[in-house]
Amino acid sequence: MRQIRPRQNYLGVGGWVWAGNYKLERYLYILHRVTGLGILLFLLIHLIVTTFFRIQGQAVWESAMRVLNNPLFKTGEYLVAVAFVYHALNGLRLILQELGFMMGKPVPPIYPYSDSLRKKRRWTMAIMGIIIILCLVFFYDFIVGGW
Amino acid sequence: MRHTYLWLMQLVTGVLIAILLGIHMVMQHLEDILRFFGVNLNDPASWQSMIERSREIIWASIYIALLAVVLYHALNGLRNIILELTPSARTERVVTRTIIAFGIIIFAWASYVPMALLYR
């Protein structure tokens, strides 16, 4: 007798980087998680710099700023800015979609299936466009300000 | 029910951070574009500029409020990621308590510094 096996869509920890059969939103979710963890890491470094160096006075602060003022750290700062822009705007999309905005009406699951997120993917693409534009604005300012 | 409120707080703090951290990022990183619009911040990361801001109680309040909402959002998000690994109830308690202790220590230290140096 043939066994009916459910579709294997449990990805485990591997689902943090590989989306399997899932679509665009799953990759946005992975990026959301990566940028969130990156910003958390930066936050801890940032708090250490702005408290321990700040409390020791002007000379220590200025020497620390001189150390941080090189292309490597500037690139890191730019990546933090990009991560912030992505996490903020994608988070806004997640909040709106959780509350039921920017989604199609739910329909009965009759073939051909249509999920409500895919019907309004144009909104998602519009938000991705805004993210890219803001990243370019930040990039322009980093270039003008000097690396 | 408790988890519902934790998640609701995650959404509310997310919106607050988008506003407060948006101000912070525009100030710190878009100073050349702000100058084009007539707002002159002359190097916001310099000691002089930072001291001017840290002597104003409104800036100290904004930074401490930002610190509080960011710490909640970040540490609750980290806890959610860790709990997705489906740890046992005992591990979950340890994770929760460690994260709460960590958050309180960071908040106490990082809000003490601007308050202690407010008029210095």
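Helices (H or I, at least four residues) and strands (E, at least two) are DSSP runs, numbered from the N terminus. By that numbering, B:Ile100 sits in helix H5 (residues 89-116) of chain B.

## Model and conventions

This is a predicted model, in which local features need pLDDT of at least 70 and side-chain atom pairs count only at pLDDT 80 or more, while totals for chains, interfaces and linings use all residues. Residues are numbered from 1 along each chain as its sequence is written, and chains are lettered from A and ligands numbered from 1 in the order in which they are written.

The model has an ipTM of 0.90 and a pTM of 0.87. For chain B the mean pLDDT (the predictor's confidence in each residue, from 0 to 100) is 89, and 98% of the residues reach 70 or more.

## Chain A

Chain A contains 5 helices and 0 strands, in the order α-α-α-α-α along the sequence. Of its 147 residues, 11% count as buried. A residue is buried if 20 or more other C-beta atoms lie within 10 Å of its own, exposed if 12 or fewer, and partly exposed in between, with C-beta atoms placed from the backbone.

## Chain B

There are 5 helices and 0 strands in chain B as well, and the elements run α-α-α-α-α from the N terminus. The radius of gyration (taken over C-alpha atoms) is 18 Å, well over the 14 Å that the globule rule gives for 120 residues, so chain B is more spread out than a compact globule. The globule rule is 2.2 Å times the number of residues to the power 0.38. The C-alpha trace of chain B spans about 55 × 30 × 20 Å along its principal axes, and 10% of the 120 residues count as buried.

Two residues of chain B are exposed. B:Ile100 counts as exposed because it has 12 C-beta neighbours inside 10 Å; from B:Asn40 it is 60 residues away in sequence and 40 Å away in space, C-alpha to C-alpha. B:Thr86 lies in the loop between H4 and H5 of chain B and is exposed, with 7 other C-beta atoms within 10 Å. Although B:Thr86 is not a glycine, its phi is positive, at about 45 degrees.

## Where the chains meet

The contact (C-beta atoms, placed from the backbone, within 7 Å) takes 23 residues from chain A and 21 from chain B. On the side of chain A, helices H1 (24-53), H2 (58-68), H3 (71-98) and H5 (121-145) each give two or more residues. By class, this side has 14 nonpolar, 5 polar and 4 charged residues. Here Ala, Val, Leu, Ile, Met, Phe, Trp, Tyr, Cys and Pro count as nonpolar, Asp, Glu, Lys and Arg as charged, and the others, Gly among them, as polar.

In H1(B), B:Thr13, B:Ile17 and B:His29 are buried. The buried residues of H1(B) pack against H3 and H5 of chain A together with helix H4 (57-83) of chain B. Not counting residues up to four places away in sequence, A:Ala81 touches A:Phe138, B:Met25 and B:His29.

How values were computed: Two residues are in contact if their C-beta atoms, placed from the backbone, lie within 7 Å.
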